[in-house]
Amino acid sequence: MPDLLLLALLLAAVAIGWWLGRRERGKDVFTSQQPSLSRDYFVGLNYLLNEQPDRAIETFVAALEVNSDTIETHITLGNLFRLRGEADRAVKIHQNLLARPSLSAVQSNQVQLELSRDFLHLGLLDRAERLLQTLVRDTHDEDLRESAKRLLVDLFEQEQEWQAALEVAQPTLISRYQDTRRAAAHWLCELAEQDLRSASPALARKRLRQALSIDEHCVRVNWLLAKIEHDTGHYKAEIRILKRIPHQDRDFAPIILEPLRNAYQLLDDENGLETALRELIDLTPFTSAVIMLAETLQRREGNDAAAAFISEQLATAPSLRGVDYLMDLYRQKADTEERNRIDLLKRHTHTLLEARPRHRCRRCGFAGAQLHWRCPSCRSWGTTKPITGIEGE
Ligand SMILES: [Zn+2]
């Protein structure tokens, strides 16, 4: 049982104990209608201490009358069931509370918010959406409205309804939360990709401009703008846009290498590629760019120049891919015996390079071969980036 959950249950138990104690003090002991209440409480506490939280919660729920003093505790007990993965039981408790005519408007809204969380947990998205839309429309409590809006945004993200998510998040959530700003720029990128698929590049550009105005660091915007230029044969414009990406976020610099080389090749501009690579390395040195620059040197000046350059780079920034590339250069000049030895070594570097992940989420640490704009593990946007350094790109 997680420590946090146990702590929450203990706090709920303390709250119940406090309420029962207050209740008992407030009335004549001899006329008590429910003398077993305190006994139930201690039975519940006993279950809890014996690590039988289900029975503990059940006993607490049974022991407590629902009245204005205990609503909060009932809500918490329902939430505890949800946290334990038993959202269907949480629904029962919260729905039971909602049926009480004595509930104040504020309490009713609070219960509805928790009930919508239960529904979301159970995947009953329609029911959650109806409840949340009503709350956003009707509640007078600003904090509660904001919580409902954040849940609605989660829900629309799950359903990939990007436009609806934007409408809920504008303007309050976007101005208040950096996470929502970053997400909103990506929702617009998702919509722009849909526009591109349905051949509406003008609309896509409009959305991408809007995305950049919300989050100027969103590299996906320039990634897509570059793609639009590439698909229409405007390679110079493509290069200009690609070059903006490392200035937005240096960690993403490795993603521009392949399209950059491709565009310069289509323009038949080897010198342009070399200059661009030198500029990139000055800004943020990383192995893939260094190797690509070495390859241009190799084509122009031969193996020795490339080997000298890469050796110099390895002295300041050691990297597995750099070593692997250097072995390729040595192999071309080697005799048969040396070549066999190098091949043996290359089998090892190859195995190591194949086994490494190429991208990692900076938030949760999820790593994999592919770049995901949204982390498949923690679901956050723009936090998965290329891995650089000794074993990286
Ligand atoms: Zn993550």
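Visitor: Not counting residues up to four places away in sequence, which residues does Asn 303 touch?
Guide: Heads-up: this is a predicted model, where local features need pLDDT of at least 70, side-chain atom pairs count only at pLDDT 80 or more, and totals for chains, interfaces and linings use all residues. Residues are numbered from 1 along each chain as its sequence is written, and side-chain values use heavy atoms, leaving out hydrogens and water. Asn 303 lies in helix H19 (residues 303-316); helices (H or I, at least four residues) and strands (E, at least two) are DSSP runs, numbered from the N terminus. With contact meaning heavy atoms within 4.5 Å, and sequence neighbours up to four places away set aside, Asn 303 touches Gln 298, Leu 329 and Gln 332.

Visitor: And does Asn 303 count as buried or exposed?
Guide: Buried means under 20% relative accessible area, exposed over 50%, partly exposed in between (1.4 Å probe, protein chains only). Asn 303 has 16% relative accessibility, so it counts as buried.

Visitor: What is the relative accessible area of Thr 284?
Guide: Thr 284 is in the loop between helix H17 (270-283) and helix H18 (287-301). Beyond its neighbours within four places in sequence, Thr 284 is in contact with Arg 250 and Ala 253. Thr 284 is also buried, its relative accessible area being 14%.

Visitor: At roughly what angle do the axes of helix H6 and helix H7 cross?
Guide: Axes are lines fitted to C-alpha atoms, for helices over the stretch in contact, and angles run from 0 to 180 degrees between N-to-C directions. The axes of H6 (residues 105-122) and H7 (residues 125-138) come within 8 Å, and they cross at roughly 155°.

Visitor: How many aromatic pairs does the structure hold?
Guide: Rings of Phe, Tyr and Trp (its six-membered ring) pair if their centres lie within 6.5 Å; planes under 30 degrees apart count as stacked, over 60 as edge-to-face and the rest as tilted. Trp 162 and Trp 381 have ring centres 5.6 Å apart and planes at 75°, so they're edge-to-face. Phe 252 and Trp 373 make a tilted pair, 6.2 Å centre to centre with 35° between the planes. Count up the aromatic pairs in the structure and you get two.

Visitor: How many residues apart in sequence are the parts that Phe 252 and Trp 373 tie together?
Guide: Both Phe 252 and Trp 373 are buried. Phe 252 is in the loop between helix H15 (245-248) and helix H16 (257-266), while Trp 373 is in the loop between S2 and S3, so the sequence separation of the parts they tie together is 121 residues.
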